[in-house]
Amino acid sequence: MFYVTFALKGREVHHTTLPFLPRADDHMIINGMTYIALKVEYDLSAHQGQNGSAIPARVVIRRKTDNDF
């Protein structure tokens with residue numbers, strides 16, 4: 001499991017636990033708005049030795065515009 005923080009323009013906008021990580025360019029809907037993942041970061045060293053805890057991850061996103069397909 002991954003504990004994912006979504007960041008928009010340097011500000012955290014949403015937190016959730018997911019069984020997977022989104023990839024760059026994935027589209028996702030958060031609170032009714034469509035976003036695109038720009039960058040995915042995770043830290044496996046923070047997870048070592050902790051059984052059952054979620055791996056911390058950060059996904060940098062931007063809002064989808066009319067020019068995105």
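**View 1. Strand β1 and its cover in the predicted model.** Strand β1, spanning residues 2–8, is mostly covered, with six of its seven residues buried. The coordinates shown are those of a predicted model. Two strands pair with β1: β2 (residues 11–18) runs antiparallel to β1 and is joined to it by seven bridges, and β5 (residues 55–63) runs parallel to β1, also through seven bridges. On the β2 side, A7 stands opposite E12. On the β5 side, F6 has V59 as its bridge partner. Strands of a sheet pair through backbone hydrogen bonds, in either the parallel or the antiparallel sense.

**View 2. The hairpin of β1 and β2.** Two residues lie between the strands of this hairpin. K9 takes a positive phi here, near 55°.

**View 3. The five-stranded sheet.** The sheet is open and has the strand order β2-β1-β5-β4-β3, with mixed pairing. Strands β2 and β3 (27–30) stand at the edges with a single partner strand each, so one side of each has no neighbour in the sheet. On average, neighbouring strands of this sheet are turned by 40° against each other, direction ignored. The protein chain has zero helices and five strands, and its pattern along the sequence is β-β-β-β-β.

View 4. Four bridges pair β3 with strand β4 (residues 33–42) in the antiparallel sense. M28 stands opposite Y35 in β4. Both M28 and Y35 are among the residues of the largest nonpolar core that touch the most other members. As an edge strand, β3 has a single partner strand in the sheet.

**View 5. Surroundings of T34.** T34 is found in strand β4. The residue is partly exposed, with a relative accessible area of 29%. Beyond its neighbours within four places in sequence, T34 is in contact with M28, I29, R63 and K64. R63 is 29 residues away from T34 along the chain, yet their C-alpha atoms are separated by 6.2 Å.

**View 6. The largest nonpolar core.** This core contains 13 residues, of which V4, F6, M28, I30, Y35, V59 and I61 touch the most other members. Strands β1, β3, β4 and β5 each give two or more residues to the core. In soluble globular proteins, nonpolar side chains tend to be buried together.

**View 7. Contacts of I61.** With neighbours within four places in sequence left aside, I61 is in contact with F6, A7, L8, V13, M28, I30, Y35, I36, A37 and L38. Several of these contact residues, including F6, M28, I30 and Y35, are listed with I61 among the core residues that touch the most other members.

**View 8. T5 and its neighbours.** T5 is found in strand β1. At 10% relative accessibility, T5 counts as buried because the limit is under 20%. Not counting residues up to four places away in sequence, T5 touches E12, H14, H15, A57, R58 and V59. The side chains of T5 and H15 are joined by a polar contact of 3.2 Å.

**View 9. H15 and its polar contacts.** H15 lies in strand β2 and, at 38% relative accessibility, counts as partly exposed. Its side chain makes polar contacts with the side chains of T5, at 3.2 Å, and E12, at 3.4 Å. H15 and T5 are 10 residues apart along the chain, and their C-alpha atoms are separated by 4.6 Å. Not counting residues up to four places away in sequence, H15 touches Y3, V4 and T5.

**View 10. The whole chain for reference.** Of the 69 residues in the protein chain, 28% are buried. The accessible surface comes to about 4900 Å², and carbon and sulfur atoms account for 50% of this surface. Among contacts between residues at least 6 apart in sequence, 39% join residues at least 24 apart.

Note on methods: Residues numbered from 1 in each chain as written. Predicted model: local features only at pLDDT ≥ 70, side-chain atom pairs only at ≥ 80, totals over all residues. Heavy atoms only, no water. Buried < 20%, exposed > 50% of the residue type's maximum accessible area, 1.4 Å probe, protein only. Pairing = 2+ DSSP bridges. Axes fitted to C-alpha atoms, helices over the stretch in contact; angles between N-to-C directions. Contact = heavy atoms within 4.5 Å. Areas by Shrake-Rupley, 256 points an atom, 1.4 Å probe, with all protein chains shown as cover. Core = buried A, V, L, I, M, F, W, Y, C linked by side-chain atoms within 4.5 Å. Polar contact = N/O pair within 3.5 Å; in protein donor to acceptor, adjacent residues only side chain to side chain.
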